[in-house]
Amino acid sequence: MTTGRRAAAVALALLAVVGAFLLGGQLLRPATPSDTSAEAGFARDMQTHHNQAVEMALVVREKSTEPVLRSVAYDIATSQSQQSGQMFAWLTMWGLTQTGSGPHMTWMSGSDGGHEGMSGAATGAPAGAGSGMLLPDGRMPGMASSADLARLRSATGRNAEVLFLRLMVVHHRAGVVMARAIEQRTSRPEVLSLARSVVSAQTSEISQMDDLLSARGAAAA
Amino acid sequence: MPRPTRTTDSKAVTAREKSAALRREHEARERRRTRLIVLAAALVVLLVAGVVTFAVLRERANRPSLAGVKTYTVQQGHTAKAVTYAQTPPAGGEHDPVWLNCGIYPSPVRNENAVHSMEHGAVWVTYRPDLPAADVDKLKAAMPDTYMVLSPYDGLPAPVVASAWGKQLYLTGADDPRLAVFIKTYRQGPQAPEPGASCTGGTDGASGTGQTPSGPGVAP
């Protein structure tokens, strides 16, 4: 072996060490979403979103005596707390905290395969920042305000039912947009599966709630 | 065929010496090149190791420490009676069956209800009632919109105290950078016995006090 070949061999060996070091770092790192990933952002924001739906459903169930509306509320409360628990478990299994560092919806401002989702243009806020998707008081789209919730708690009978339906239709619409947004940003099967469930369940519940609104002679939300 | 006689031609000798010298020169050049290549590769390895170490160390140095967090073993359990808590403010313990709705409260809340919310994964941030209004606003801005309670508290051992179930941190004020880290770590954190249980649908603070509910303010 000539010295030239030996030098090349030594250099190659050293570079292989570097390569293995870098590649090993990539491969050995657990293949789970990072703290700032879209998946983590979705899991955190959607829990908050779902938990408010559970809250509103439980409030109206105590106020309504109409069996169909009570069933819808029961369905929303149980299915969304179950889904919320799934997202809680993802974060735990990914070794991440339930609480993020940035504002809500930051995960929706990243690359989305060309879909705009809830863009700043739609809300009149500057695009590009996660907080740009939030309502002026910092709420995520679709979330009922504290004032809305207070009105729901003090309403009775048909008024409570109509207010609930209107708030929940708006809530569901935003939930569907969030679920579609994560579908564009992830390839993780557990996340895709839940996102698809959210889209199909909430889309059909929106049309059911629209029917319940018209049955009460109320305008659609 | 006669073997060729050993040449004594001076020209031939010179040629041999020349070629030997060339070979030596070539080998020396090869050795220098080998050393250079090995050195360069070693430098690359060192550089990569250095950059990685630097990044890791800087990341560690920039992270505010939660070393000041005190950990307590606290009891679970429901009681309608008033409870005397071992910490001020309480960092867990027996509590009222009804939890406090999460939110921002302008006046003190009942311990027994707030402790129940911490059992459900809420972080309870308390501040001295004489904390300047601008600092209270900073605290409000630092609150996530769920699983958080913010309220003034009489007789605090520090200007601001952050508490979660079994965890507590005395803060120097509203600007203490450890507040955000405490919230990120313990809000719905693994120390909470019942994370994900409701932080709404409980009481706005009137339970057991006979006072008019103050109600949580509008969360940011």
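Reader: From the N terminus on, how do the elements of chain B run?
Author: They run α-β-β-α-β-α-β-β-β-α. Helices (H or I, at least four residues) and strands (E, at least two) are DSSP runs, numbered from the N terminus. This is a predicted model, where local features need pLDDT of at least 70, side-chain atom pairs count only at pLDDT 80 or more, and totals for chains, interfaces and linings use all residues. Residues are numbered from 1 along each chain as its sequence is written, and chains are lettered from A and ligands numbered from 1 in the order in which they are written.

Reader: How many helices and strands is that?
Author: Chain B has 4 helices and 6 strands.

Reader: In what order do the strands form the sheet?
Author: The order is S1-S6-S5-S3-S4-S2, in an open sheet of chain B with mixed pairing. Two strands pair if DSSP finds at least two bridges between them. The edge strands, S1 (70-71) and S2 (103-104) of chain B, each pair on one side only.

Reader: And S1(B) with S6, parallel or antiparallel?
Author: Antiparallel: 2 bridges join S1(B) to strand S6 (residues 167-171) of chain B. B:Thr71 has B:Lys167 in S6(B) as its bridge partner.

Reader: Which strands does H4 of chain B touch?
Author: Helix H4 (residues 178-186) packs on the sheet and touches S3, S5 and S6 of chain B. Its direction makes about 170 degrees with that of S6(B). Axes are lines fitted to C-alpha atoms, for helices over the stretch in contact, and angles run from 0 to 180 degrees between N-to-C directions.

Reader: What about H2, which strands does that helix lie across?
Author: Helix H2 (residues 111-119) of chain B lies across S3 (123-127), S4 (148-152) and S5 (160-164), at about 140 degrees to S3(B).

Reader: Switching topic: how many residues of chain B are in contact with chain A?
Author: 28 residues of chain B are in contact with 25 residues of chain A. Contact means that the C-beta atoms, placed from the backbone, lie within 7 Å.

Reader: Which helix gives the most to that side of chain B?
Author: H1(B), with 12 residues. Helix H1 (10-62) and H4 of chain B each supply at least two residues of the side that touches chain A.

Reader: Last one: what domains does chain B have?
Author: The assignment, which is automatic or from a database, gives domain 1 (8-62) and domain 2 (70-186). Taken over C-alpha atoms, their centres are separated by 65 Å.

Note on methods. Contact = placed C-beta atoms within 7 Å.
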